[in-house]
Amino acid sequence: MRARVLLPLLLFGLIAVLAVLLPVAIGIAESRTQQLALQRADSMDQIVQRVQTALAQGTDDALDEYLDRFHRTYGESVLVVDDVGQVIAGAGDLDMDDEIAALVLAAARTVPQWSVATVQPWSPDTSLVAESFTATSDTTAGAVVLAIDLADAKGDVTRGWTTVAILGALILAALMTASLYWTHWVLTPVRALDTAVRALAAHREHEPVRPTGPPELRRLNLAFQAMADGVESALEQQRGFVADASHQLRNPLAAIRLRIDSLPVDGGDGTELAAVERDLDRLENIVDRMLALAHAEHRATARAQGREAASADPILRDCLISADILVEPHRDALRSAGIVVTADETPVRVPCSQADLEEIVEILLDNAAKYAGSGSEVWLSLSESAEQVVLEVADSGSGLDDSDLASIGTRFWRSVSHGSSPGTGLGVAIVLQLAHANDARPELDRAPQGGLRVRLAWARP
């Protein structure tokens, strides 16, 4: 997120700095070029005057001496050419060539060649200019060619541009520092809020969000913290209500059962009394299941938040057991229901509380006995690999429809086809919560044999 915010800021800052400093750099080069041109224009005027004086006096000695002194002083070459292309005088290393001939021709036509290009660090070292001179009859008698030395001007422009570049780099560094500070100040509460939201969505405990940053984000963080506290409080109250209601219902149910058990059966066949007792059994089963579900949900939520529930014992979160041992207490009941059980005998170390593992297997086998039907077969296995440990319970019953597979595990949900069978609709929900409480990943799908398959996978640490 910081990169997405910083990139536009730095891009706009770079454009703004270039928009300010580029004209400054161009102005430095143009100013230095103009200064050089004015200086050499004065020098050219003096040379032209000396040439015209020498022509008028008919002697070249004074002119040659002046040109030599000029060359030694400025290090620039000078060439004086008459109107027929003959060299009259000169100083330095200029020779008559096509370029100089073209300059002389243009100057002789009274078109001064003072097109000095703007000096830049990569400009050539010299620039040729030419100016005509006249004889006594005011007619053009030739031209003076001057090779302007640009080395000093290039050095001045380079130093000026270097200063501008350093200034631009400092401005950009200051802008980057300010942008980093600004984005850190603005985005720190956003990142903290994002972390807290993801933790809340995953039912994990999150650090309180400190009210920092702009006022709008401070208010947002405070509002989120109040909302998160409210959600946690509501969930805790919901779990507490289920647990308390289950506990409170146990006492009156027990009292009713005692009273019914003490009632005499006077002459009837006891059908109504037996029906009441069945309803009481069902109510007691629902209350026990609700209490087990509330306890499992509480532990699953605490585990997701990275802590242990008060009633959980972390010492028992590991056991060495086989599938055959888990099935053994239920063999007689399954045999009575006409269910054939196949279980592995190889012991496996499972990262799960043994009590929870036994309760999970009990619920799944009880469901298989109820819904798979007589003559079905149930397979229970514990397997391990380098990556995970897997508990799998599958049966060959009639199974569930695709729409039912999406709903299984919902509290109090029961398939329409099994509505007449005894049950509370809480068994699979308890299994899922116990799996989460023990860091297992549950999967429910159709078994290859046709029935339901439940897989619990524990990742290796």
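This is a predicted model: local features need pLDDT of at least 70, side-chain atom pairs count only at pLDDT 80 or more; totals for chains, interfaces and linings use all residues.
The term salt bridge stands for a side-chain nitrogen of Lys or Arg within 4 Å of a carboxyl oxygen of Asp or Glu. Helices (H or I, at least four residues) and strands (E, at least two) are DSSP runs, numbered from the N terminus.

The relative accessible area of Arg 455 is 18%, so Arg 455 is buried, whereas Glu 392, at 22%, counts as partly exposed. Here buried means under 20% relative accessible area, exposed over 50%, and partly exposed in between, with a 1.4 Å probe and protein chains only. Residues are numbered from 1 along each chain as its sequence is written, and side-chain values use heavy atoms, with hydrogens and water left out.

## The network and other salt bridges

Glu 392 and Arg 455 are linked with Arg 441 and Glu 443 in a network of salt bridges. Within that group, Arg 441 forms a salt bridge with Glu 443, whose closest N and O atoms are 3.4 Å apart; Arg 441 is partly exposed at a relative accessible area of 42%, and Glu 443 is partly exposed at 29%.

A further salt bridge joins the side chains of Asp 445 and Arg 453, at 2.8 Å from N to O. Asp 445 has 24% relative accessibility and therefore counts as partly exposed, while Arg 453, with a relative accessible area of 19%, is buried. By the distance rule the count comes to 14 salt bridges.

## Aromatic pairs

Searching the whole structure finds two aromatic pairs. One of them is formed by Phe 70 and Tyr 74, whose ring centres are 4.9 Å apart and whose planes stand at 45 degrees, so the pair is tilted. Rings of Phe, Tyr and Trp (its six-membered ring) pair if their centres lie within 6.5 Å, and planes under 30 degrees apart count as stacked, over 60 as edge-to-face and the rest as tilted.

Both residues lie in helix α2 (residues 61-74), four residues apart, which is about one turn of the helix. An α-helix has 3.6 residues a turn, so residues three or four places apart point the same way. Phe 70 counts as buried at 4% relative accessibility, whereas Tyr 74 is partly exposed at 38%.

## Helix α9

Helix α9 (residues 354-371) has 18 residues and reaches 26 Å from its first C-alpha to its last, close to the 26 Å expected at 1.5 Å a residue, where the expected span is 1.5 Å times one less than the number of residues. After α9 comes Gly 373, whose phi is positive, near 95 degrees.

## The chain as a whole

The chain has eleven helices and eleven strands, and 37% of its 461 residues count as buried. Among contacts (heavy atoms within 4.5 Å) between residues at least 6 apart in sequence, 64% join residues at least 24 apart. The chain exposes about 25,700 Å², of which carbon and sulfur atoms supply 57%; accessible areas come from the Shrake-Rupley method with a 1.4 Å probe, and for residues only the protein chains shown count as cover.
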